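This briefing covers aromatic rings and the charges placed over them. Please look at the structure below before reading on.

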Amino acid sequence: MEYGKYIGKTVLKFLENNEIPATSVDFVASHGHTVFHNPKEGYTFQLGDGETTSSYFSWPFVCNFRTKDVALGGQGAPLVPVGEKYLFNPHDICINLGGIANIGLKTGGGSGHDICPCNYVTNMLAKQYNRDLEYDRDGEIASRGNVIQEIYDKLEALEFYQEGPPKSLGPDWINTNIIPLLDTKTYNIPDLMRTFVEHVANRIATSCLENYVQMRKRNRCHPETANVLVTGGGAFNKILMQLLREKLKENKMEIEEADSDTINFKEALIFGFLGLKCLLGEENIYSGITGSRNNSVSGSIHRPIQSGSTPTKFDKFFFQLRRQRSLSMNYYDED
């Protein structure tokens with residue numbers, strides 16, 4: 001419940017800081033904070049109670065996007081490629097550098113998968129290096145280190161990277177397979193950070209190349225070069241971006257420069273889009289990406305607080321939706 005309260009307070013603070021009137025908000029969507037994710041064992045859990053969060057709002061709140069897909073045998077991730085298909089279609093490849101790096105591809109039905117851990121690990125190392133740091137700003141810690149070849153080779157040899165999609169990662173896998181290799185008692189943190197960043201850049205470049213080859217065979221991208229949009233917090237890591245840019249250029253792929261708003265808010269924008277599709281009763285999770293038995297309308301809708309008998313935006317929204325669908329059905333009945 002505490003994290004649910006935190007989300008509610010943070011949303012209200014965001015509106016205040018950006019001078020956005022509450023009356024202009026139609027709904028809010030959130031994927032929560034992933035604590036456990038192991039679809040092979042049939043479970044996933046995102047922290048943040050929806051009912052608690054909705055108690056701060058006078059509009060609908062949508063969350064819990066992953067659980068149904070896992071129940072249907074899917075990975076429950078990544079979900080961002082669905083939004084990229086509709087909102088960022090001009091780009092051949094989209095890379096999101098969040099806690100986990102994932103890829104979205106410009107294909108007919110939209111596709112993508114998780115690539116490797118990213119900020120989840122670099123943030124942890126930064127905190128161990130200096131407890132006042134939340135992340136490695138501009139890749140400064142990594143810039144002071146050197147690659148530890150033995151650790152790099154072990155990271156590259158992890159079995160997950162040999163598996164084909166659909167596939168996804170979570171804290172469980174990272175804590176079991178990645179963290180033990182980054183031994184801070186044996187090696188200094190700048191060297192571990194530099195080694196891990198090299199690993200991330202290589203995994204992403206490899207994934208881009210493998211998928212680019214397949215896209216070219218299907219005529220899904222430009223035959224000469226592919227443009228790659230990179231967003232998420234990791235896009236501010238100068239060392240990571242330099243390494244990635246160099247590795248992609250070797251294979252005729254170019255990173256398209258994104259503005260800071262796109263880097264910061266692309267994922268939030270996409271989850272807002274997934275929330276809208278949930279409210280409209282439209283499929284927002286695709287089995288072609290997650291590997292589930294079928295597409296689904298995923299997300300839990302939480303009603304806002306009400307005052308007496310006054311209709312809320314939630315009620316008005318669904319009244320309009322029902323009215324539109326009723327008019328459509330009458331139209332077809334007349335034909």
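A residue is called buried under 20% relative accessible area, exposed over 50%, and partly exposed in between, with a 1.4 Å probe and protein chains only. The model is predicted: local features need pLDDT of at least 70, side-chain atom pairs count only at pLDDT 80 or more, and totals for chains, interfaces and linings use all residues. Residues are numbered from 1 along each chain as its sequence is written, and side-chain values use heavy atoms, with hydrogens and water left out.

**Aromatic pairs**

- Rings of Phe, Tyr and Trp (its six-membered ring) pair if their centres lie within 6.5 Å; planes under 30 degrees apart are stacked, over 60 edge-to-face, and the rest tilted.
- Searching the whole structure gives 10 aromatic pairs.
- One of them is the tilted pair of F36 and F45, with 6.5 Å from centre to centre and 35° between the planes.
- F36 is partly exposed, at 43% relative accessibility, and F45 is partly exposed at 40%.
- F57 and W59 make a stacked pair, with 5.1 Å between centres and 15° between planes.
- F57 is buried at 1% relative accessibility, and W59 is buried with a relative accessible area of 2%.
- F57 and W59 belong to one aromatic cluster with F61.

**Charges over rings**

- A charge sits over a ring if NZ of Lys or CZ of Arg is within 6 Å of the ring centre and within 35 degrees of the ring normal.
- K167 has its charged end over the ring of F160, 4.5 Å from the ring's centre.
- R203 lies over the face of Y161, 4.9 Å from the ring centre.
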